[in-house]
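Dear colleague,

Please find below the structure that I am handing over to you.

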Amino acid sequence: MNKAKKNAQILMVLALIANIVIFIQEVRYFAENLGNLKGAVVFFTFDSNIYAGIVSFIMAFDLIECLIAKRRTAHRGVLILKYTAACAVMVTFLTAACYLGPVVHLKNLFKGSQLYAHLLVPIEAFLSLILLERGARLKLWHAFFGLIPVLTYGIFYIYFVLNHVWTDHYHMMLTDPWILSIGIAAAAFFLLSMVVAGVYMVVEKVAGK
């Protein structure tokens, strides 16, 4: 086995471990919210983390198959799926740290199971994608894919808040016109997706040298 292939296999094993760790954390997080799923599902924190857990499960199986087949990278479709999950939980992290933090004390956002939902899983998902999971060949336009989870949640959020099923717990619709705050948030999330894709592209380029 040449050095490049050996290094690729090592990265794949480390990526497998990282995704298993994320999946275990998300199983624990889901179990802790099992008694209040109706109350938990209204929050993007819960939804993005469960999505990240499912994607990590898929990624882990794909990595096992690739290791057995002696591939150098995971399948591109799975890697892009992981990219969307990393973007989703990074939105959760930044929302907690920059938006909710001034309103709700940070120690309340980073304690108990919220510690890995708001902090550990987002960091782990981002770092495993950027440092360990090569071969996605991301482009900046893939940021539209990274925006899909938050846009999907946003559609449900607007619908249920307008129909008084959910409360406006993120205070996104208090301004008038509220569509302006929604648009600003969407633009910020799209920028985040572009940054994640850009960082991945830089690291992939450097690693390829």
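**Findings**

Val21 is part of helix 1, which spans residues 3-32; helices here are DSSP runs of H or I with at least four residues, numbered from the N terminus. This is a predicted model, in which local features need pLDDT of at least 70 and side-chain atom pairs count only at pLDDT 80 or more, while totals for chains, interfaces and linings use all residues. Residues are numbered from 1 along each chain as its sequence is written, and side-chain values use heavy atoms, without hydrogens and water.

Val21 counts as partly exposed because its relative accessibility is 37% (buried is under 20% relative accessible area, exposed over 50%, partly exposed in between, with a 1.4 Å probe and protein chains only).

The whole structure contains 2 salt bridges, each defined as a side-chain nitrogen of Lys or Arg within 4 Å of a carboxyl oxygen of Asp or Glu. One of them joins Arg28 to Glu32, with the closest N and O atoms 3.2 Å apart. Both residues belong to helix 1 and are separated by 4 residues, about one turn of the helix. Glu32 is partly exposed, at 42% relative accessible area.

Lys82 and Glu133 also form a salt bridge, at 2.8 Å from N to O. This pair links distant parts of the chain, 51 residues apart: Lys82 is in helix 4 (residues 76-100), and Glu133 is in the loop between helix 6 and helix 7 (143-162). Lys82 counts as buried, at 1% relative accessibility, and Glu133 counts as buried at 3%.

Yours sincerely

Notes. Helices (H or I, at least four residues) and strands (E, at least two) are DSSP runs, numbered from the N terminus.
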